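Please consult the sequence and the structure shown here while reading the points below.

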Amino acid sequence: MSHQLANSFRTGPDERGHFGIHGGRFVAETLMPLILDVEKAYAEAQADPAFQAELDGYLKTYVGRPSPLYFAKRMTEELGGAKIYFKREDLNHTGAHKINNCMGQILLARRMGKKRIIAETGAGQHGVATATVCALFGLQCVIYMGATDIERQQPNVFRMKLLGAEVRPVTSGAATLKDAMNDALRDWVANVHDTYYLIGTVAGPHPYPTMVRDFQCVIGDETKVQMQEVEGRLPDSLIAAVGGGSNAMGLFHPFLDDSSVRIIGVEAAGYGIDTGKHAASLTGGKPGVLHGNRTYLLQDEDGQIAEAHSISAGLDYPGIGPEHSWLHDMKRAEYVGITDDEALDAFHRFTRWEGIIPALESSHAIAQAIKLAPTLPQDHLMVVNLSGRGDKDVNTVARAMGVVL
Amino acid sequence: MSTVTVVNRLETRFADLKKAGRGALVTYTMAGDPDHDTALAIMKGLPAAGADVIELGMPFSDPMADGPAIQLAAQRALAAGGSLTRTLDTLRAFRETDHSTPVVLMGYYNPIYARGVDRFAAEAAAAGADGLIIVDLPPEEAPELTEHLKTHGIHLIFLTAPTTDARRLPAVLAQAGGFLYYVSITGITGTASADEAVVKEAVAALRRSTDLPIAVGFGIKTPAQAAAFARIGDAAVVGSAVVQTLADSLEAGTVATDRTVPAVLGFVATLADGVRSARR
């Protein structure tokens, strides 16, 4: 047992939230005591079987878990290589994996007696999921969203408002996810006593990267069981899109110690890595400190944070979760880039092949599968995380096609 | 490497003011705001206008502990070519004529980390920095920097907040040097103003735990507030109100005018009058 632990990729972080040099807690002093409170409350919740039982109940009857593991027969035949399965997080309530984490954190916020919830959102999926759980429990909800993202994700903005959330536009910087996170942190520091910050990805100050990972691990845990049921063994490869990296970490983490499983994270390469207009922090960035953690960041020589670019609002962030940075350093996972054009092409092909409109985020993972599957033998079992559905992206795709809706 | 033996200007200044029986006025301006030359002219004029300690902001793209006034100052500075290198240039130029006013560099960790903490500590000391405030570097993550700062005789100045409780305070004080910066409100810079009675109690509690001078900041906007808080603590820090005075003097929101330098220094002089009238 101890021998196995010593060689495990699943024991991190250390007690202060470090994954190698990454992670940690880099926040203003005003927030430190609050973040320590969150850590303590989370540790207590983890040790309380009633907490997990309550969460499991909501995941089953409200979120609709377990999500299916779907064999994509036509896509597999078209590509003529690996046998491709999709983990259907798009079928969750609210249409993406984000709700898994929101459900866990809202139960924690309730245990902590918090009455007001704030969150940042990029594509709007996390904002919608947060607004949803706030409506479910009758909590006040304020969502920070970049003005640029509000423009390109109108349907999700309207959904949040229908759910009773206040959506506050953020106009600083490029007015995208990074700037929304800055303003959410500013709100938290000013409203420390009654407010819970519900971070949507595996980033931020410890314990958020760990806590969000734990809540998302349901994806990988289910996949392991489901693959065992249908194929009687482990998958050979896992592919997931990585912005902040929560859907990917949720799928990857339960398999980290299964050395036969190849793990591939897909970053948004935007217009192409060499154009400088992308969101590939691992491929095109270097370690730095932002939003409470040390991790790979897109930045200039002076340490000023660069603007990210991706057609997918959910991947349009200049950083990445610290555990991904560590897995990259340790070479346990591979990280590759997919451009806007490749993602759009995958979006269209997958929609016609399988009758499923994927989110543009997930389309990056699909594009990598399209590249890789034909090079692999037919007995290779590949799992792609279909992290969200693409209804929210139809305006963006129409614009890319030159279609006026 | 040998430890610098020169007495730090912060210690000298606070000792002198204690003898004089008054608190210090600490002003914050952003390096490179709205442009390099104007910011330098302002900095050079601050001691004569009555600033006892100068905080020089290091512009950062994502100042998440700052309110709108300082966010915009950082954006202006960066748009005008500001950088950590230029900030150190400003300080070096200031030191050509001023050898006694303590200067504290204030900003966020990433530009320092990107430069390399050892290189930064050496360069900042050579440029004439006495202290450093890094808003997003709590004591738990600070040791990787403090060892280098110590070598070069620069104090790392820590913030404590109304939320910093008695259990946590020792961790903050363990590495704190120069002075202790009491953040008087739970919020970002330049927003609400604190209640005097509450601050008085908080400062009294801090004094039971530390002999460091205590500066009170965040939300101090007027000469009267500066006077009141400099009497309660050992110093009052005024940042956003100074930066906003600068912003109000600009043309099209970004370009310095003939009024910019005198407007800022004139406002600082009124703050200094307030602080100097508040003898203890």
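Predicted model: local features only at pLDDT ≥ 70, side-chain atom pairs only at ≥ 80, totals over all residues.

In chain A, the loop between helix H14 (322-329) and strand E13 (334-339) contains A:Lys331. Most residues other than glycine have a negative phi, and most peptide bonds are trans.

**Positive phi outside glycine**

- A:Lys331 is not a glycine, yet its phi is positive, at about 60 degrees.
- The relative accessibility of A:Lys331 is 72%, and A:Lys331 therefore counts as exposed, the cut-off for that class being over 50%.
- A:His291 also is a residue other than glycine with a positive phi, here near 50 degrees.
- The loop that holds A:His291 runs between strand E11 (286-290) and strand E12 (292-297) of chain A.
- A:His291 has a relative accessible area of 1%; because buried means under 20%, A:His291 is classed as buried.

**Cis peptide bonds**

- In chain A, the peptide bond that joins A:Gly12 and A:Pro13 is cis, with omega about 0 degrees.
- A:Pro13 belongs to the loop between helix H1 (2-6) and strand E1 (18-19) of chain A.
- In chain B, a cis peptide bond leads from B:Asp33 to B:Pro34, and its omega is near -5 degrees.
- B:Pro34 is situated in the loop of chain B between strand E1 (24-30) and helix H2 (36-49).

How values were computed. Residues numbered from 1 in each chain as written. Chains lettered and ligands numbered in written order. Heavy atoms only, no water. Helix = DSSP H or I, 4+ residues; strand = E, 2+ residues; numbered from the N terminus. Buried < 20%, exposed > 50% of the residue type's maximum accessible area, 1.4 Å probe, protein only.
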